[in-house]
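Work through the exercises below with the sequence and the 3D structure at hand. Each task is followed by a solution in steps.

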Amino acid sequence: MTSPSPPQADERAAPLEKPPAIPSPHESSPAAPHRDDADPRTMRALAVVAGTGGAILAAIGFTGSYNTLRHLAESKGFGQFSYAFPIGIDAGILVLLAMDLYLTRKRASLPLLRWMAHGLTAATVAFNAAAPEGPLAADPLAASMHGIIPILFIVAVEAARHYIGRMADLVAGVHTGNPPLSRWLLAPVPTWLIWRRLKMWSLSSYQIVVTRQKEITIYRQMLKKRYGRLRWRFKAPADELLPIKMARFGLSVDEALEIPAREAEAARRRAEEAELREREGEAARVLREAEAELRRVETESRIEAAKIAAQAEKAAAEGRLKAAQAEAENAAQNEVRKSEERLRVQQAEAEAEVQRLRDQTEANRNRAQRQQAEEQVQWEARQRQLLQETEAVESAEAAEARARKTRAEQQTMEAERATAKADREAADERLRVAEIAQQAAEAERNTAEAESARAAADRRRAEDEREAAEARRQAAEAERAAAEAEAEARLTLTERDARRVARMIVKAGNPKAVTLPMIQDELGVSQTTAHERKARALEYLAQQQEDKGSEQAA
């Protein structure tokens with residue numbers, strides 16, 4: 001039968017309770033009745049008396065100090081400046097003390113101002129003590145009488161500064177009481193430790209440090225009671241020793257005992273935040289993969305649309321080019337046929353005109369020959385008549401016969417001239433006809449050249465359209481390449497590696513030529529990852545082949 005556990009074991013197993021709270025000296029007991037420190041009218045009267053008395057002391061001290069310092073300055077050779085020298089020192093004391101009181105009231109104290117004011121006051125006391133003639137040891141009473149008034153003024157100002165500083169602390173809710181003088185005298189070392197902790201850890205007051213010291217002492221005694229007087233530091237759990245260890249850092253017993261709970265709570269919050277961040281990261285990763293897949297699909301759609309548009313544009317451009325070439329050839333052939341027809345018509349008209357002129361010339365020649373024959377017949381008849389008449393009257397009419405002969409010769413010459421003139425006119429007419437035919441041939445040649453230039457312009461326009469179609473096709477190819485580059489830029493690292501391996505396979509021409517060590521050297525990955533990248537690359541190439549087959553079938 002098991003014996004009951006000893007009471008000491010049960011006591012050690014139970015959690016250690018915190019020591020009873022020690023009331024702060026600043027906290028009043030609930031049972032204690034509320035009591036005012038003093039009557040407000042009495043306090044107001046005391047303040048008036050203190051202020052009035054301080055002003056009177058300041059006036060007396062400054063008046064006496066002014067005369068003493070003025071005479072001292074005159075004796076030291078200050079001349080006219082001796083009248084301003086005492087005012088400068090006293091005004092400096094007042095200004096420095098006023099600034100110190102103002103900054104103390106605003107909780108921005110600057111001790112240098114107070115030290116400077118005290119230094120000027122000490123100088124004033126020294127100057128006043130040195131005012132009597134002879135050394136200070138000759139008449140110490142006179143020296144003391146000259147220096148007592150400035151000392152009283154400094155004491156009054158220090159009291160005012162102390163009051164203002166305490167009021168500022170009370171308004172701010174801060175208690176900065178220092179250890180009392182009696183404690184410094186009775187226990188200097190512990191008091192110095194208390195004062196050091198008060199200043200080092202910016203605690204609110206001396207009483208709070210004493211209270212915490214009492215709590216730590218009680219807590220240490222409780223640990224000794226529970227775990228043994230000599231072994232409590234080794235047997236007590238680490239969490240229960242925290243108040244002892246953290247006391248040097250200004251923490252109370254309650255604050256130290258709450259540290260494990262706060263740390264556990266902080267660890268729990270950090271774990272929850274880490275889990276939340278992990279979930280958010282997983283969700284973000286899934287979202288990024290979905291977005292990448294969506295962008296890939298959109299990119300492939302744009303690529304397919306660009307390919308279809310490029311093919312349609314290419315087909316349309318080839319159709320327009322063929323139509324333009326056929327139209328240009330038909331127009332050129334029509335223009336050539338029209339030009340040949342016009343040339344034949346003009347040639348026929350020119351030949352008809354030449355034939356008409358030839359006929360007219362022949363008619364004129366025949367008419368001239370007939371007229372010449374008629375004139376010859378008439379002339380022969382006339383000659384016969386003249387011969388007959390000559391025979392009858394040869395002698396009488398010999399002169400008349402010669403005259404007629406002369407006239408006949410003249411007529412013959414005129415007829416010959418007329419014939420020559422007709423021949424010249426016929427030659428001129430033939431020359432004019434030849435010039436007209438030449439001009440018609442020149443005009444026809446110019447027309448043929450213009451038609452040829454128009455046909456060349458049409459061919460150049462067709463070439464320009466073909467070049468424009470080629471440029472649009474190249475732009476579509478460039479857009480498709482840019483879309484592919486954009487799609488590749490949006491791929492994940494795994495997909496980019498797979499495409500690099502696919503390019504290696506395409507370049508090698510055989511998947512077996514691309515080994516796993518080559519992929520490892522190229523990508524800097526392990527053998528397993530290289531095998532996975534090669535498998536994905538083969539899937540990518542198979543998908544590309546299927547897409548090309550679908551496009552060709554379409």
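**Exercise 1.** Leaving aside its neighbours within four places in sequence, which residues is Arg114 in contact with?

*Solution.* The model is predicted: local features need pLDDT of at least 70, side-chain atom pairs count only at pLDDT 80 or more, and totals for chains, interfaces and linings use all residues. Residues are numbered from 1 along each chain as its sequence is written, and side-chain values use heavy atoms, with hydrogens and water left out.

Step 1. Apply the contact criterion, heavy atoms within 4.5 Å. Arg114 then contacts Asp100, Ser109, Glu158 and Arg161.

**Exercise 2.** Where is Leu110 found, and which residues make a nonpolar surface patch of about 430 Å²?

*Solution.* Step 1. Leu110 is in the loop between helix 3 (85-105) and helix 4 (111-129). Its relative accessible area is 39%, so Leu110 is partly exposed.

Step 1. Patch residues have over 30% relative accessible area and no salt bridge; like charges are joined within 9 Å, nonpolar side chains (Val, Leu, Ile, Met, Phe, Trp, Tyr) within 5 Å. A salt bridge is a side-chain nitrogen of Lys or Arg within 4 Å of a carboxyl oxygen of Asp or Glu. Areas come from the Shrake-Rupley method with a 1.4 Å probe; for residues, only the protein chains shown count as cover.

Step 2. The patch is made by Leu110, Leu112, Trp115 and Met116.

**Exercise 3.** In which helix is Ser452 found, and what distance separates the C-alpha atoms of Ser452 and Ala332?

*Solution.* Step 1. Ser452 is in helix 12 (residues 398-489). Ser452 counts as partly exposed because its relative accessibility is 44%.

Step 1. Ser452 and Ala332 are 120 residues apart along the chain, and their C-alpha atoms are separated by 7.3 Å.

Conventions: Helices (H or I, at least four residues) and strands (E, at least two) are DSSP runs, numbered from the N terminus. Buried means under 20% relative accessible area, exposed over 50%, partly exposed in between (1.4 Å probe, protein chains only).
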